[in-house]
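Here are a few notes to read alongside the model.

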Amino acid sequence: MSAIFDCAVIGAGVMGCSTALFLARGGMKVVLLDRGAVCRQASGVNAGTLTLQMTRAALVPYAMRAFDMWMTTPSWLAGGDVRARTRPGLSVAFTDAEAEMLEQRARIRGEAGAPITLMSGVQAQAIEPGLSPDVKLAGHCPVDGFASSHLTGRAFLAGLRGAVVDVREHTPVSAIDRKAGCWRLATPSGPVLARRVVLAGGVWLGDLAAMLGVRLRIRTLINQLIVTAPMAPVMRSVLGIASGLLSLKQYENGSVLVGGGWQGAGDRHGGALTVKLDNMLGNLRLAAHAIPALRESLVLRAWLGLEAETDDALPAIGPLPRVKDAWMIGSVHSGYTSGPFMGRILAQAMLGETPDLPLFPIDRLVLA
Ligand SMILES: Cc1cc2nc3c(=O)[nH]c(=O)nc-3n(C[C@H](O)[C@H](O)[C@H](O)COP(=O)(O)OP(=O)(O)OC[C@H]3O[C@@H](n4cnc5c(N)ncnc54)[C@H](O)[C@@H]3O)c2cc1C
């Protein structure tokens, strides 16, 4: 007779890992399953920016709490570390249209609690000496920084082991059904039984919900990232642009990570993901426009990752409508930034506690 878990979490990205961790700390017996390794999809290949300037206004209070969690990771992850660093955050505008966009976005995010102040290009250059003199306006946020996302899996594994979560890597879930008040998950190594199930499948969230008869539309973004060879210090901020098409940071080893949501080619069904060269060049040109010293950089590598998005760009976090004992978490914009806090509030709700901030009901996303 197989053990019956209190909860099975499907998907070991930052959302599933943090949910599993806080459920286990709340006293539940938890199994966490992933078809690959822990945090090797979006949560392990993202740009690691921990920013309020690119976070949707509605998510700013969540991101601020999560930022504090990332900055103190070893204290709540049993020593696990993602090398989170605080850096001044700048979002810049080169044109009048971008300046207008920046003012509007800074105001809305400011009303939501983000400590963003607007300043001239010259003032921004005092914070970021490498910045182009063509900047007209900048938004400055002291609550900004980055982590090394490739360390996320190792960090969470330390915490999950400490909380005695049963972590099963390389274990795809191919079907879910319910018998005698218990969920039965089909896996290659046999069925897994649990009283509750959490779907935390990233861009595969809609496929998992379909296993429970719920139709959702979850869009897949194919984000490209580029890293340069190590170079002398050229910047010290986390830099973005009002349109959102640029994200730049320089790591301690001198490499600069260039992103901004430029899209590659592929899909979520297992085919190869391919860099779009034009988009790579566009991204690099914009980067060198913002930080002119990057004209001397050498590209080392580019890669892609899959990000999930709902139609209204707000998260799916809460109980699955009309399905007993089934929950969902994902599709969070700037989801790496907010991830650990989102998992904590879902766990609080599942444990019968009042979440620190409200969840995001799923009903609005269900297709007829
Ligand atoms: C290239 C890129 C750059 C980004 N940059 C940033 C950034 O700088 N800052 C920021 O805040 N956010 C960023 N994001 C967004 C952020 O990475 C995601 O929002 C977040 O990591 C999503 O976490 P998740 O746990 O929902 O999904 P994932 O990390 O994708 O985890 C989902 C897991 O579910 C598993 N799974 C799915 N189906 C099954 C199944 N049937 N059986 C078993 N396992 C299954 C998958 O294998 C996967 O491991 C970026 C995203 C990408 C792709």
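1. Buried here means under 20% relative accessible area, with a 1.4 Å probe and protein chains only. Among these buried residues are V14, C17, F22 and A24. Helices are DSSP runs of H or I with at least four residues, numbered from the N terminus.

2. A word on the source: this is a predicted model, where local features need pLDDT of at least 70, side-chain atom pairs count only at pLDDT 80 or more, and totals for chains, interfaces and linings use all residues. Residues are numbered from 1 along each chain as its sequence is written, and side-chain values use heavy atoms, with hydrogens and water left out.

3. Just after helix 1, do look at G27, which takes a positive phi of about 110°.

4. S338 sits in helix 10 (residues 335–350) and counts as buried because its relative accessibility is 0%. Apart from neighbours within four places in sequence, S338 is in contact (heavy atoms within 4.5 Å) with A63, A66 and V332.

5. Helix 3 (residues 60–71) packs against helix 10 at an angle of about 95°, with the axes 7 Å apart. Axes are lines fitted to C-alpha atoms over the stretch in contact, and angles run from 0 to 180 degrees between N-to-C directions. The two helices are therefore roughly perpendicular (65 to 115 degrees) to each other. Residues that meet there include Y62, A63 and W70 from helix 3, and S338, F341 and I345 from helix 10.

Notes: Buried < 20%, exposed > 50% of the residue type's maximum accessible area, 1.4 Å probe, protein only. Parallel < 35°, antiparallel > 145°, perpendicular 65-115°, else oblique.
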